[in-house]
Amino acid sequence: RTMWEPWIVSPQDEVSILVGRGCPYKCTYCSNHAMALLSIGKYTRYRSPEDMIGEVDEVSRQYPALRDIYLEVETIGASMWDALELFGALADYNSKRSEKLNFKMNLAIHSSFVKREDKVREFLEQCQRANVVGLNIGLESGSERVRKIMRRPNYSNEEIATFARMAMEYGISL
């Protein structure tokens, strides 16, 4: 990490930490599905929460003024079980700190998730507990027809708008 510092204006402002690799979706413009064919074993995978907390702790010691960490992953929603386990570990870690760290990450939205308000609220509550303050959602297009052509995960414009309103209720920016 320190080898890149000469090219970063303020390395202590925000640090990126890799959460996992791979994506289960097969969007037409992305190479993930082709790379999955070349990999051995499970292509979409996460690091363990213990390993993640170890790196979070290491970078927060390395950069004492650090307040923002970008958790780099194709989509935290590839495995909700793993995501919720990670959020629990982040919440526990933050509860032991005098100043909480803020986390941001990527999330791909899909209808089977957003149609379940109880699941969305559980996800957002866990995000809030872990101090996840931002989710990046790659819509790629405001046109549902174009998203189908691109083979984006299926969701309607109304579903994304509903998710956005709920995220705002929990103080999470999109």
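This is a tour of a predicted model, from the whole chain to single residues.

Before selecting anything, note that residues are numbered from 1 along each chain as its sequence is written. Local features need pLDDT of at least 70, side-chain atom pairs count only at pLDDT 80 or more, totals for chains, interfaces and linings use all residues, and side-chain values use heavy atoms, with hydrogens and water left out.

**Whole chain**

Show the protein chain as a cartoon. There are 7 helices and 6 strands, where helices (H or I, at least four residues) and strands (E, at least two) are DSSP runs numbered from the N terminus. Their order along the sequence is β-β-α-β-α-β-α-β-α-α-β-α-α. The radius of gyration is 17 Å, close to the 16 Å that the globule rule gives for 174 residues, so the protein chain is as compact as a globular protein of that length. That radius is taken over C-alpha atoms, and the rule is 2.2 Å times the number of residues to the power 0.38. Along the principal axes, the C-alpha atoms fill a box of roughly 45 × 40 × 30 Å.

Colour by accessibility next: 43% of the 174 residues count as buried. Buried means under 20% relative accessible area, exposed over 50%, and partly exposed in between (1.4 Å probe, protein chains only).

**Strand 1**

Select residues 14-18, which form strand 1. V15 and I17 lie on the covered face, while E14, S16 and L18 lie on the uncovered one. Opposite V15 stands I69 in strand 4.

**I76**

Move on to I76, in the loop between strand 4 and helix 3 (80-95). I76 counts as buried because its relative accessibility is 1%. Leaving aside neighbours within four places in sequence, I76 is in contact (heavy atoms within 4.5 Å) with V19, Y46, A83, L86, F87, M105, N106, L107 and F123. Of this group, L86 is 10 residues from I76 in sequence and 9.7 Å away in space, C-alpha to C-alpha.

**Two positive phi values**

Most residues other than glycine have a negative phi. Select N131, in the loop between helix 5 (117-129) and strand 6 (132-136). N131 is not a glycine, yet has a positive phi of about 65°. Its relative accessibility is 16%, so N131 counts as buried.

Finish at R151, in the loop between helix 6 (144-149) and helix 7 (157-169). Phi of R151 is also positive, near 60°. R151 counts as exposed, at 55% relative accessibility.

Technical notes
Pairing = 2+ DSSP bridges.
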